[in-house]
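Hello,

I am passing a structure on to you, with notes on what turned up in it. Please look at the model first and then read on.

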Amino acid sequence: MNHGTKKSSIVLLLFILMAGIVSACSGGGSSTAATNKGDAGSSEKKEQAKPSGALVIYHMSETINPEQVTNFNPFLPTGNWGTFFDYVFDPLYFFNPVKGELLPRLAEKEGAWSGDKKTYTVKLNMKAKWHDGKPFTVDDVIYSFNAIKQNQVLDRYQLWGDQRLKEVSAQGADTVVFKLGASFPSLPYYLTTVSIVPKHLFEKENPTTFLNKTPIGTGPFVFKSLNDSAIVLQKNPEYHLGAPNIDQLYINRYNNSSTLTLALEKGDVQASAGTVAMPNVPKLLENPANKMQIFPGLNTFSVIMNNEKPGLNDLAVRKAIQQAIDRPSLIDKGESNGVFPANPGFLSSVFGEMTDKKLVEDASYGYNPKAAIKSLEDAGYKKNAKGIYEKGGKELSFTYHMAANAPAQNKEGAMITAWLKEIGIDTTVKLVTWPELTKLSMSGDYELLQNGLSTPPDPQAQLEVFHSKMTAPTGTNTPGLNYMRFKDAEIDKWLDEASSADEAKRKELYYKVQKKVADLAPMAVMYNVGGHIPYRVDLFTNYNEKVPVFSALSLKEVKKK
């Protein structure tokens, strides 16, 4: 199930990344500030010092704030820490970004396509069992997909529709049949985005509002408790892919990346899900007990623009913002060369030949403040007494939202707003939490917003960020990731055609989409974020480095030395 075009691209990207000091984006769009009461480090040392025969406790770490533990419903896009679901629930397949492949979770093996490519049949692993002891059934899978169908607000990636899923049904007691309206070769990769939930619990609730405070899954770890300092999970001794070797996964919650990184340096915790304070990385890696796993990713950080807002609905302004950002400086000074150059056409380089890499090097989309100023002046903007461009009495002055308690993001935001000031665009910075950024993005209650967009592992899914079906008017939550409120009829047409096309035709259409996205500048890309995962090897061994080391499939293999 590999993307055949990915392998050489991934190898090249890994080589490039290894050449520099690896860094993190202070938790990125999925990690947020936390309330961390008490001294987590001291309690961790006591637990690690327990005599032989005691519980084997593995200490993870992340910045997880109170707003990310308000619910454990995998259908909901906000109010939770996404990595949690990998430990407690299973999808049918897991996308492994290290190898660019799909791995079975609740599926027994790779699914089978019908001759006309409109039916995909998946045999289930019937050894799976819910944490409450109830049997896992084919009806749980059918319920999970139909819940998304019946509640459009949950269908973030538009899996259902005339040209996509038409029906999900059972074939006997152990097989699920996905029937499509048209050929949709991306389907298996989209299946990784749906955590399968227990029908016997969820059918009693409204899946759009259910908070699922005591989650029951089929995953390798079982929810035990939540407190201000940690999320505590226990091993699932009956996990169908093999029971974890550790008894307890203790996910320590920190309020910032610096404190978290200090805990890693001291050995109080064994890994993070990607958060690390970049200035501390050289010191961290001086110790041979510490390692860093590196792999490409699907998250592109950008200055996201609301294309419906006055000023930002003008291509000349969006183009000027695009040309005002010095991306090499952001990557060097903000990210210590630990991230990938972003494609102005948005498609990540992990997709190999599907990505138009020439756009990354094209100077017309790069840093050019003189061209930015010319773009504004050619469009009729004139500087006022304050040095800010205006037209018709309306200044180019915008509120700029970015994450609080995120040192790297704050540094980069300061660089970007300074560059915008240099070309005559004024900004007022407003710091909010990561979950608040997501809410603002969805509702459109913003002008400029600095954040990452992470998509399913398929080029169709990534480029459909720009499809009009993925957006909604400002004031209404978007059904997908088109937070920019961007619409273009040609891009819609090309993406609709690519959805069911063969590989050669898809490439041709994706190149057209990327070029037009770069030209219309609905957002100003910053960089692409892959995995840069710090972990320790002094107390634990047997990490599976063929998958992300913090993932459920790795942590279930980890053993205490």
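Asn299 has Ser454 of strand 19 as its bridge partner. Strand 12 (residues 290-305) and strand 19 are joined by seven bridges and run antiparallel. Strands count as paired if DSSP finds at least two bridges between them. Helices (H or I, at least four residues) and strands (E, at least two) are DSSP runs, numbered from the N terminus.

This is a predicted model, in which local features need pLDDT of at least 70 and side-chain atom pairs count only at pLDDT 80 or more, while totals for chains, interfaces and linings use all residues. Residues are numbered from 1 along each chain as its sequence is written, and side-chain values use heavy atoms, with hydrogens and water left out.

Strand 19 (residues 448-454) is mostly covered, with six of its seven residues buried. Buried means under 20% relative accessible area, exposed means over 50%, and partly exposed is in between (1.4 Å probe, protein chains only). Strand 19 also pairs with strand 17 (residues 397-403), in the parallel sense and over two bridges. Opposite Leu448 in strand 19 stands Tyr400.

There is also an open sheet of three strands, in the order 14-15-16, with antiparallel pairing. Its edge strands are strand 14 (382-383) and strand 16 (394-395), each of which pairs on one side only. Two bridges hold the antiparallel pairing of strand 15 (residues 389-391) with strand 16. Glu390 has Glu395 in strand 16 as its bridge partner.

Next, a helix pair. Two packed helices are described by the angle between their axes and the distance between the axes. For helix 9 (residues 315-324) and helix 17 (residues 503-520), the angle is about 95 degrees and the axes are 8 Å apart. The axes are lines fitted to C-alpha atoms, for helices over the stretch in contact, and angles run from 0 to 180 degrees between N-to-C directions. Helix 9 and helix 17 are therefore roughly perpendicular to each other; angles of 65 to 115 degrees count as such, under 35 as roughly parallel, over 145 as roughly antiparallel and the rest as oblique. Helix 9 makes the contact with Leu315, Arg318, Lys319 and Gln322, and helix 17 with Ala518, Asp519 and Leu520. Contact means heavy atoms within 4.5 Å. Sorted by class, the contact of helix 9 with helix 17 has three nonpolar, one polar and three charged residues. Ala, Val, Leu, Ile, Met, Phe, Trp, Tyr, Cys and Pro count as nonpolar, Asp, Glu, Lys and Arg as charged, and the others, Gly among them, as polar.

Phi of Ala521 is near 45 degrees, a positive value in a residue other than glycine. Most residues other than glycine have a negative phi. Ala521 counts as buried, at 0% relative accessibility. Phe346 has a positive phi as well, near 80 degrees. Phe346 is in the loop between strand 13 (340-341) and helix 11 (358-361), and is buried at a relative accessible area of 1%.

On aromatic rings, the structure holds 22 pairs. Rings of Phe, Tyr and Trp (its six-membered ring) pair if their centres lie within 6.5 Å; planes under 30 degrees apart count as stacked, over 60 as edge-to-face and the rest as tilted. Tyr58 and Phe540 form an edge-to-face pair, because their ring centres are 5.0 Å apart and the planes stand at 75 degrees. Tyr58 lies in strand 1 (residues 57-63) and Phe540 in strand 21 (residues 540-541), so this pair ties together parts 482 residues apart in sequence. Tyr58 is buried, with a relative accessible area of 0%, and Phe540 counts as buried at 2%.

Phe466 and Phe486 are also edge-to-face, with centres 6.1 Å apart and planes at 90 degrees. Both lie in the loop between helix 15 (459-463) and helix 16 (489-498), so the parts tied together are 20 residues apart in sequence. Phe466 is buried at 0% relative accessible area, and Phe486 is buried at 4%. Ring pairs also link Phe72, Phe84, Phe85, Phe89 and Phe223 into a cluster.

Lastly, Glu265 is in helix 7 (residues 257-266) and counts as buried, at 17% relative accessibility. Not counting residues up to four places away in sequence, Glu265 touches Asn280, Lys283, Leu284 and Arg536.

Regards
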